[in-house]
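Work through these exercises with the structure open beside you. Try each task before you read its solution.

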Amino acid sequence: MELYKYLPKTNCKLCGKTCMAFALDLLQGKVKADDCPPLLEPKYKKQYETLKELLGSEEGVEKELRINVDTDLCDGCGICVTICPVNARYCPPSLSGKAPDYPPEKHQLFQVKGGKCELLELKYCRRIEAEGRERECRVCETYCPREAVKIEYV
Amino acid sequence: MKRSVCSGCSLLCDDIMVKSDGIYIDEVFGACLKGKEKFDQVTSQNRILSPLIRKDDTLQKASWDEALQRTVDLIKKSKKPLIYGLSNSSCEAQLKGIELAKLINGFIDSNASICQGKVLDNAVNSGITLTTITEIINKADLILLWGSNAAESIPRLLNKVLFSRGKFRMTGREIKTLIIIDPVKTASFNTMGVRDVALRITPGKDIELIKVLKEECCAADSIPSEGVAGLDKDDMKRLLQHLSGAEYGVIFVGQGLLTPQKNSNLINELLELVQMINIKQERGRITLAMMGGHFNMNGFDHVALSMYGKRGNLHFKDNQILETDENIISKIENEDFDCSIFIGTDPISHFPMSLSSKLAKKPIILIDNRNSATLQLASIVLPTTITGIECSGLAYRLDHIPIELKKIINPPSKIPTDEEILNQIIQKLKSDGGN
Amino acid sequence: MEVIKTDFILNTVRRMENDQSKEFSFGDKKSLVEKLAIAFINPKDFDKLNLSSKPNLKISSNFGIIIVKGIADEDVPEGTVLMPISIWSNQITGVENSELRYKNMRVDVDITEEKINDLNSLINKIKEA
Ligand code: SF4
Ligand code: SF4
Ligand code: SF4
Ligand code: SF4
């Protein structure tokens, strides 16, 4: 139980449970390190930082999804617009490879404007919204002929 | 904001959105970069806005009256005029072009003859049907790009035919197999998935591949164990399996197959292969589709066919069509012309040096909207509108479906359309008393 | 001086980035040369020819000679030269049996210090030929 090591281990129950229980919840991503008030005190600063680092790499909870479209490379082929399952669900024209209507539907993720792809709204991306295997969606990056789409976590 | 047609290439995407106030184009949605650039041409720095006449070996601005008069004078002096191009013009302009050729006893042809026109010729002779984009979207489960880099020449083609979800299938890309045969690893290769087949053939060996595949169709195990044309035996077997197992396969014939190899007609060989596969086919069939660069590549074929029953190479003499085996290349090669009229094309850039220098010796009349290498050699330049943006007209899509192009904005400085220019020349010739 | 001569297959292609009609619409004399007077070859050939030592490539076919800038490109197979279709590549293409020959042609490739022709000099060459 590596996470437990870095907690204050005082069982003060300010978090509503014991340190051991807190550590378990941390591991499952149910709570955040910040939910333990003593940990934020200056004397635990080092432990707090180590914990954050561990959580970051182990869980990815602290990382944020970014989808970058390199407009220098992109040639506006619209493949990402068509292939993205979210677009397919909310923009009927994209089912037959057509450009979606304008103005864009609120869930629409990509549109091609002025010959270049534009990312509209990331928050409906399956990597954020969906559950289970669907969350591993990566088709926009896989099929872009220009390798212009990059999915990153920063 | 209106749905409009893009005239950037022969796919003629009819789903793009153009925001315009009728004077300027503000924004284009849905068109690829190539299409967007077509719209940008309206205001490009190299646009020609006034007629030009060559005086003292430099091109100088002239009035429309003067330029047209000079054109007519040149044509009247000419005994064997050549008219070429028209792939970037509407069918209406192509009709006028043919009318002009008839009036002046000229030879007329379009860019298609040295390009995809060959596919149509051969397909008509073999009886194989071509297919349409909608059919491909709805039915195809196998797309074969042979010697064509769709991702660059027709940027949205793969989007439409490969990634769309058809009416009769619930899924899209997952059930479609993509096969690419090309020596160069082009951008199209990046759209491949795990089940797809990439065949990087040795350049110039397509003919050998086709021949071996044909043999294999007749008698199994004809493929030499070391493979052919730089391809592995197993890969070739997979290719054949995919082709004969497909429910609806489409072969996109690219530029790579249009030049003859070892003096055999590649397209014909390919068509024979397709016929053989279709005989073996149990579940479906294989069809072909053409790819064109210029947006109205196919239009001239249709106009000429409907008027004279001949796809191209129309040679007129005393209002009659002459039977001729000549094409534009042989005409120039044999210097069998004394004046050339080019409409919306740049032959000096496209043709080999040996032909260009022959063209340069005779007067050139150019009808186009922008700078080009041909312009540098032209005697008279008549500026024209950009069809599909500044004037309407009919064009034939790469799958031979007629599409009506719309006018979006007014042309600058009252520039006439191709059709109007050709008509003015015809009227002037008639009123001046012919030649 | 040692002369390295190698047999290559020439293919002329249309690329979006190197498209003559695009350059004639939007470019100028400089960009025309930059985008069109080029040839792509495999990096291995690039090294074999020792292209970094001399700036340009001299490509000769049965039909003519042209000098262009050589660019290494991994996607081009070894032994192949890829040129964008343009007035430059058409200096070495030709006609056979009334058909254009612009693909799969055998060419010789050499490195050179000679300058790349600009559009004007090619136009003059065409005029005088
Ligand atoms: S709040 Fe912190 S110190 Fe208190 S019991 Fe929970 S983990 Fe331990
Ligand atoms: S798939 Fe790639 S090249 Fe095509 S529009 Fe999207 S980002 Fe641009
Ligand atoms: S990862 Fe999937 S859901 Fe997210 S933008 Fe890309 S294609 Fe759409
Ligand atoms: S694929 Fe062709 S027709 Fe479609 S948007 Fe691009 S240039 Fe225009």
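**Exercise 1.** Is Lys430(B) buried, partly exposed or exposed?

*Solution.* Keep in mind that this is a predicted model. Start with the relative accessible area of Lys430(B), which is 47%. Buried means under 20%, and exposed means over 50%. Lys430(B) is therefore partly exposed.

Now look at its salt-bridge partner. Lys430(B) pairs with Glu99(B), and their closest N and O atoms are 4.0 Å apart.

**Exercise 2.** Find the salt bridge between Arg311(B) and Asp301(B). Then classify Arg311(B) and Asp301(B) as buried or exposed.

*Solution.* First, the distance: the two side chains meet at 3.5 Å, N to O. Second, the location: Asp301(B) is in helix 11 of chain B, while Arg311(B) is in the loop between helix 11 and strand 13. The two residues are ten apart. Third, the accessibility: Arg311(B) has a value of 11%, so Arg311(B) is buried. Asp301(B) has a value of 0%, so Asp301(B) is buried as well.

**Exercise 3.** In the salt bridge of Arg106(C) and Asp108(C), how does each residue count by relative accessibility?

*Solution.* The N to O distance in this pair is 3.8 Å. Take Arg106(C): at 48%, this residue counts as partly exposed. Take Asp108(C): at 18%, this residue counts as buried.

**Exercise 4.** Which residues form a network of salt bridges with Lys80(B)?

*Solution.* Start at Lys80(B) and look for its linked residues. The network also holds Glu326(B), Lys331(B) and Asp336(B).

**Exercise 5.** Describe where chain C meets chain B.

*Solution.* Begin with the contacts: 42 residues of chain C touch 49 residues of chain B. Then the area: about 3900 Å² is buried between the two chains, with 57% from carbon and sulfur atoms.

Next, the salt bridges. The count between chain C and chain B is one. Asp57(B) pairs with Lys127(C), with closest N and O atoms 3.6 Å apart. Polar contacts come next: seven residue pairs are found across the interface.

Last, look at the side of chain C that touches chain B. Helix 1 of chain C gives the most, with seven residues. By class, this side has 16 nonpolar, 15 polar and eleven charged residues.

Terms used:
Residues numbered from 1 in each chain as written. Chains lettered and ligands numbered in written order. Predicted model: local features only at pLDDT ≥ 70, side-chain atom pairs only at ≥ 80, totals over all residues. Heavy atoms only, no water. Contact = heavy atoms within 4.5 Å. Buried area = accessible area lost by both parts, 1.4 Å probe. Polar contact = N/O pair within 3.5 Å; in protein donor to acceptor, adjacent residues only side chain to side chain. Helix = DSSP H or I, 4+ residues; strand = E, 2+ residues; numbered from the N terminus. Nonpolar A, V, L, I, M, F, W, Y, C, P; charged D, E, K, R; others polar. Buried < 20%, exposed > 50% of the residue type's maximum accessible area, 1.4 Å probe, protein only.
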